[in-house]
Amino acid sequence: MGLGSPLDLPVFRAGIGTQLARYPRFRCIQVTKDGQPRWVRAPALNLDDHIIVVPSPPDMVSSDPDTAVEDYVSSLSTAPMDRSRPLWEFHFLDFPTSDAMSTAVIRVHHSLGDGMSLLTLLMASTRSAADPSRLPAMPAPPARSGDIYARPRPPRTAGVLAFIAWLWSFVVLAWHTVVDVTLFVATIAFVRDPHTLFKRDNGGGDGEFPRRKRFVNRSLSLGDVKFLKEALNCTVNDVLVGVTSAALSRYYFRRSGDDNRRKICLRSILLVNIRPTTSLQAYVNMIESSKSNEVKWGNQLGYIILPFHIAMYEDPLEYVRKAKKMVDRKKSSLEVVFTHMLGEVIIKTFGVKAAGVIFRRMISHTTISFSNMIGPAEQVEFYGHQVVSIAPSVYGPPEALTVHYQSYSNTIKVILAVDDEHFPDHGQLLDDFTESLRIIKDGAVRK
């Protein structure tokens with residue numbers, strides 16, 4: 001997180017100690033009992049173990065502070081966490097960068113929660129910058145639409161054909177689910193994407209020692225994304241999938257020198273929150289009212305294998321149209337429900353280590369992972385410090401490229417976790433995301 005003021009460590013320390021002490025999992029350590037990991041309450045919570053103020057390297061900070069932050073965060077991707085302590089840390093870099101006066105790096109082990117639950121906890125720890133007496137305003141949860149979510153029985157007056165069509169929709173749902181789950185299992189077993197410059201040669205099988213990741217980000221206009229959403233009658237997620245496909249296509253054909261007329265179908269793992277569509281604001285209110293047990297912590301995720309195309313289209317809107325078509329097709333399937341259930345069954349039957357091997361195999365057989373998170377609709381303060389940017393990401397999975405989107409106020413960040421050696425030109429890749437959004441928007445304006 002980029003902060004709008006220099007670090008006030010006593011204020012941060014008091015806030016962290018007061019807030020996180022309310023959540024049992026942040027006071028627990030992992031132990032192994034009967035071959036299975038268990039949460040056990042730590043004897044004591046020593047904040048000195050979890051709050052690290054990073055010394056500023058004078059030469060690097062004065063010459064290129066942005067790279068100094070990048071280098072430090074990147075170094076954390078190969079530094080193991082101390083499992084004798086609760087698995088979370090705050091790292092503070094108290095020097096100005098191009099968009100912040102100081103930086104807070106929060107490292108949290110994924111076993112504590114997924115992006116949804118951790119963002120909820122973060123929002124419960126913030127206040128509105130405009131009115132610090134209240135919680136920040138959150139956007140309304142997106143309306144879930146599609147065959148999974150809307151299948152009302154037609155009224156009797158609708159006639160026989162409408163009733164037959166309603167029944168047929170269940171047949172289609174069942175067929176799509178069988179196809180998608182079969183392909184998902186086949187991907188774990190043997191189906192893998194073709195090798196392109198987005199994949200490592202070795203599939204990223206690095207065991208307990210992940211390759212170094214670099215985390216880079218770029219701010220995009222949320223207004224432009226919403227404009228495309230309305231202009232093309234689709235969702236924000238459709239637009240972001242389309243922009244990602246366009247950006248990776250620009251990068252691929254420029255760097256590979258391949259014929260622009262060639263089309264390549266690759267696949268991404270799309271992470272989906274399977275909790276009910278209760279708004280983030282409702283979850284935050286539960287936490288504030290000491291009802292945090294009603295919030296589903298941990299990892300409540302399902303997975304979708306989403307195809308996307310590397311291609312150069314004359315009409316840039318085609319990227320979003322194809323993204324919408326693919327996502328709509330996936331909505332007519334229960335793949336996300338079955339993949340979540342499959343993960344639960346594997347963990348309970350074979351244990352966490354076996355589940356980890358299977359998960360890494362699934363990831364290494366596809367090309368990228370993709371997620372999109374909704375953040376506060378206004379500027380927020382975090383323990384008395386105004387937050388100017390939020391850029392979450394993840395390391396550990398074996399793919400060379402992970403794409404996250406995070407909205408905050410009137411911007412949306414694209415955050416890339418890239419293999420430090422595989423993408424030395426990551427700045428150009430970020431430029432491709434910016435340029436792709438601009439070109440697609442210009443195409444919509446001309447239409």
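**Close-up 1. L3 and its partner in strand 6.** In this predicted model, L3 has S102 of strand 6 as its bridge partner. Strand 1 and strand 6 run antiparallel and are joined by two bridges; two strands count as paired if DSSP finds at least two bridges between them. Strands (E, at least two residues) and helices (H or I, at least four) are DSSP runs, numbered from the N terminus. On the strand 5 side, six bridges connect strand 5 (residues 88-93) with strand 6 (residues 102-108), again antiparallel. Here H91 has V105 as its bridge partner, and F92 has A104. Strand 6 is largely enclosed by the rest of the structure because five of its seven residues are buried; buried means under 20% relative accessible area, exposed over 50%, and partly exposed in between (1.4 Å probe, protein chains only).

**Close-up 2. A hairpin of strands 2 and 3.** Strand 2 (residues 28-33) and strand 3 (residues 36-41) run antiparallel, joined by six bridges. Look for I29 opposite V40. Two residues separate the strands, and D34 in the turn has a positive phi of about 55 degrees.

Close-up 3. Strand 14 (residues 401-408) and strand 15 (residues 411-419) pair antiparallel over eight bridges, with Y408 opposite T411.

Close-up 4. The whole structure holds 30 salt bridges, each a side-chain nitrogen of Lys or Arg within 4 Å of a carboxyl oxygen of Asp or Glu. In one of them, the closest N and O atoms of R134 and E378 are 2.7 Å apart. These two residues are 244 residues apart, R134 in the loop between strand 7 and helix 5, E378 in the loop between strand 11 and strand 12. R134 is partly exposed at 33% relative accessible area, whereas E378 is buried at 15%. Another salt bridge joins R254 and D432 at 2.9 Å between the closest N and O atoms. R254 is in helix 7 and D432 in helix 12, so the pair ties together parts 178 residues apart in sequence. D432 is buried, with a relative accessible area of 2%.

**Notes.** Residues are numbered from 1 along each chain as its sequence is written, and side-chain values use heavy atoms, with hydrogens and water left out. Local features need pLDDT of at least 70 and side-chain atom pairs count only at pLDDT 80 or more, while totals for chains, interfaces and linings use all residues.
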